[in-house]
Amino acid sequence: METMLDRSGDRGGIGGAAIPQPLLNVCDTTLQYKTKRQIVTATYEVDFQVFPADRFVLLGPSGCGKSTLLKAVGGFLSPVSGRIEINGVAVDRPGPDRMMVFQEFDQLLPWKTVIENIEFPMVTSHKYTPEEARERAETFLEKVNLSKFRDAYPHTLSGGMKQRVAIARGMAMGPAILLMDEPFAALDALTRLKMQQELLQLWDELHFTVLFVTHSIQEAIILGTRILVLSPHPGQVRAEINAHEYSHENQTCDGFKALQQRIHDMLFAESAHIAGIRPQKGLAHDA
């Protein structure tokens with residue numbers, strides 16, 4: 001496995017300060033699920049860490065286990081080997097410290113208004129009082145520029161607006177980590193660009209932690225501070241890449257294009273040797 005991220009260099013403290021502990025620790029995790037005919041191995045011995053305020057992207061081809069990994073972090077699927085921890089505690093069930101934003105537009109409750117959708121998980125989890133939930137819902141509706149649609153029902157909203165509501169609902173819960181499963185994949189190109197920009201603006205303001213799944217190399221580089229590149233099925237770690245220096249503004253620069261091509265070669269070369277990588281455990285740091 002190749003890596004272009006030196007963790008010790010990126011996360012070393014100033015003047016001997018303590019290195020931050022990972023918020024999410026995925027250690028040698030193998031995931032399987034059953035179909036009618038067989039047991040499918042989705043990922044094999046996947047290992048990575050997510051630190052506070054990371055925008056960590058899982059990138060790989062269709063069927064490599066990206067979404068399965070996200071579901072496991074969410075507590076909806078248990079590893080057959082390895083472990084997943086949030087703040088040092090093993091994940092064994094869903095919880096309000098992890099909120100999901102899905103690709104589908106129908107993730108909102110159709111019989112509830114926009115603001116009621118945002119309030120619902122806060123109240124039902126008993127994490128906030130109804131009064132606190134209403135205040136937080138109003139705050140995050142304003143952050144995603146949907147305050148004037150607070151009393152609208154989901155069927156009256158566009159796809160992009162529904163995704164904004166889903167993001168506001170997730171953020172309002174105050175989770176330790178926001179889990180986003182290709183949330184912009186079903187949007188048209190212009191709306192997708194706008195949603196990417198709005199997500200980055202929201203992160204600039206709040207510095208939340210996000211684990212983001214995509215199969216778009218360009219989107220991964222733009223949105224991610226760090227990118228985990230997964231091999232085709234079953235998903236194994238091919239590289240962990242530092243991408244914090246790139247954005248929409250510099251995607252035409254030589255560095256962006258070179259990284260885009262390098263990741264493309266990892267994903268689509270005829271063999272691992274053509275891409276200059278070997279799918280094996282352990283990190284060979286390339287600073």
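Author: The questions below take up several side-chain pairs in this predicted model.

Reader: Why is E85 called buried?

Author: Its relative accessible area is 18%, and buried means under 20%. R83 has 40%; that value lies between 20% and 50%, so R83 is called partly exposed.

Reader: How do you know that R98 forms a salt bridge with D97?

Author: Their closest N and O atoms are 2.9 Å apart, and the limit is 4 Å, so the label applies. R98 is buried, because its relative accessible area of 10% is under 20%. D97 has 27% and therefore counts as partly exposed.

Reader: What makes R150 and E138 a pair that ties parts of the chain together?

Author: Their side chains meet in a salt bridge at 2.6 Å, N to O. R150 lies in the loop between α4 (130-143) and α5 (159-172), and E138 in helix α4, so the pair links parts that are 12 residues apart in sequence. R150 has 22% relative accessibility and E138 has 29%; buried would need under 20%, exposed over 50%, so R150 and E138 are both partly exposed.

Reader: How many salt bridges does the rule give?

Author: The count comes to 12.

Definitions and conventions
Residues numbered from 1 in each chain as written. Predicted model: local features only at pLDDT ≥ 70, side-chain atom pairs only at ≥ 80, totals over all residues. Heavy atoms only, no water. Buried < 20%, exposed > 50% of the residue type's maximum accessible area, 1.4 Å probe, protein only. Helix = DSSP H or I, 4+ residues; strand = E, 2+ residues; numbered from the N terminus.
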